[in-house]
Amino acid sequence: MANLIQLAYETFAGWHALGHEQLNGPHVRIVRDARVPNVYDANFAHRVRVQTDAEIDALFSQLDEAFSEYEHRHVLWDPELAPACEARLLLEGYRPHNPLVSLVLEGELRSRGAQVDIRPVASDADWASIVALKQLDHEEQVAKGFHFEWPQAVTDELAHNKRHKHPAVRYFIACVGGVDCGFFSAWPGHAGMGMVEDLFTHRDYRGRGIGSALIAACVADARGRGASAVLVNPLGSDTPKHMYAALGFRPLCVQRSYLRADD
């Protein structure tokens, strides 16, 4: 179990690092991408292994140097993060950021969802559909109070961040009656654990099994490219976690991080 949990943290960080610059220091790994400076999950530090006060001081200096042109600092937690460093993050003005529930699927899905047209994202028109659906997703997240409202340019960055991960991460679009109404993604990961991420279905098309169909397609893709166990990480404060559990994903651990952002 301990090995599976550690692999979940590595898989989560690895997915977010895909497509971006990665800098390995003696006590930290830094991921950044100047093309999408406002995307927290494309600009962050992880695998923090500081122990002494001097090492913790050096970590904050590294973060300030690496992200000097950015308006945020983002650090991923994992079980090996030293308690003193976690306390220092809070002291320095970092705050807990959107804890996620990691669930893992080791067997078969309990439902394959509806019979719906699902295609892999391949063309510029497909990516334009992703951008449009991401805008709807963002508007819904704002309405629920999970995120603040930001300019269209930031939503565009979030969509472009997805494209930077292609083709390692494959996105799939669901289409009903000629309307693109949902998307999801799959990554085979490494060491046998893959990851599916970023599910969204247009509110007018929910309750028809489209989300379950997208999940089935992406689980099949990840496993077809080498994964055995498949990870998913919904917001702990949102309802999709219940859908994943009903489909056979079981709770494994909590993914949490610390964020300091300029207001």
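1. Let's start with a charged pair: the side chains of E140 and R206 meet in a salt bridge, with 2.8 Å from N to O. The term stands for a side-chain nitrogen of Lys or Arg within 4 Å of a carboxyl oxygen of Asp or Glu. E140 lies in helix α4 and R206 in the loop between β9 and α6, so this pair ties together parts that are 66 residues apart in sequence. E140 is buried, with a relative accessible area of 9%, while R206 counts as partly exposed at 38%. (Buried is under 20% relative accessible area, exposed is over 50%, and partly exposed is in between, with a 1.4 Å probe and protein chains only.) Helices (H or I, at least four residues) and strands (E, at least two) are DSSP runs, numbered from the N terminus.

2. Before going on, some ground rules. This is a predicted model, where local features need pLDDT of at least 70 and side-chain atom pairs count only at pLDDT 80 or more, while totals for chains, interfaces and linings use all residues. Residues are numbered from 1 along each chain as its sequence is written, and side-chain values use heavy atoms, with hydrogens and water left out.

3. Back to the charges: the whole structure has 21 salt bridges. In one of them R260 pairs with D64, and the closest N and O atoms are 3.9 Å apart. R260 lies in strand β11 (residues 250-261) and D64 in helix α2 (residues 53-66), so here the parts tied together are 196 residues apart in sequence. Both ends are partly exposed: R260 has a relative accessible area of 27%, and D64 has 37%.

4. Another one to look up is D198 with K134, where the closest N and O atoms are 3.8 Å apart. D198 lies in strand β9 (residues 193-201) and K134 in helix α4 (residues 124-144), so the pair ties together parts 64 residues apart in sequence. Are these two residues buried or exposed? Both D198 and K134 are buried.

5. Now the nonpolar side. The largest nonpolar core has 51 residues, and V48, C85, Y171 and M193 touch the most other members. Helix α1 (residues 2-17) gives the most to this core, with eight residues. A core here is a set of buried Ala, Val, Leu, Ile, Met, Phe, Trp, Tyr and Cys residues joined through side-chain atoms within 4.5 Å. C85 touches V48, V50, I56 and L59, if you don't count residues up to four places away in sequence. Apart from this core lies another, of 23 residues, including Y205, I215, Y244 and F249.

6. The expected span is 1.5 Å times one less than the number of residues. The 15 residues should therefore span 21 Å, and the end C-alpha atoms of α6 are 21 Å apart, which agrees. The helix is mostly covered, with 11 of its 15 residues buried; among them are I210, L214, I215 and V219. After α6 comes G226, whose phi is positive, near 120°.

7. Which residues does D221 contact, leaving aside neighbours within four places in sequence? They are R170, F172 and A186, where contact means heavy atoms within 4.5 Å.

8. On cysteines, the count of disulfides is zero, with a disulfide taken as a pair of cysteine sulfur atoms within 2.5 Å. C85 is buried, at 1% relative accessibility. For C218 the closest cysteine sulfur is in C181, 14 Å away, which is also too far. C218 is buried too, with a relative accessible area of 0%.

9. Last, the strands. β1 (residues 21-24) and β2 (residues 29-32) pair in the antiparallel sense over four bridges, and a hairpin of four residues joins them. Pairing requires that DSSP finds at least two bridges between two strands. E21 has R32 in β2 as its bridge partner. β2 also runs antiparallel to β3 (residues 44-46), with three bridges, and V31 is partnered with F44 in β3.
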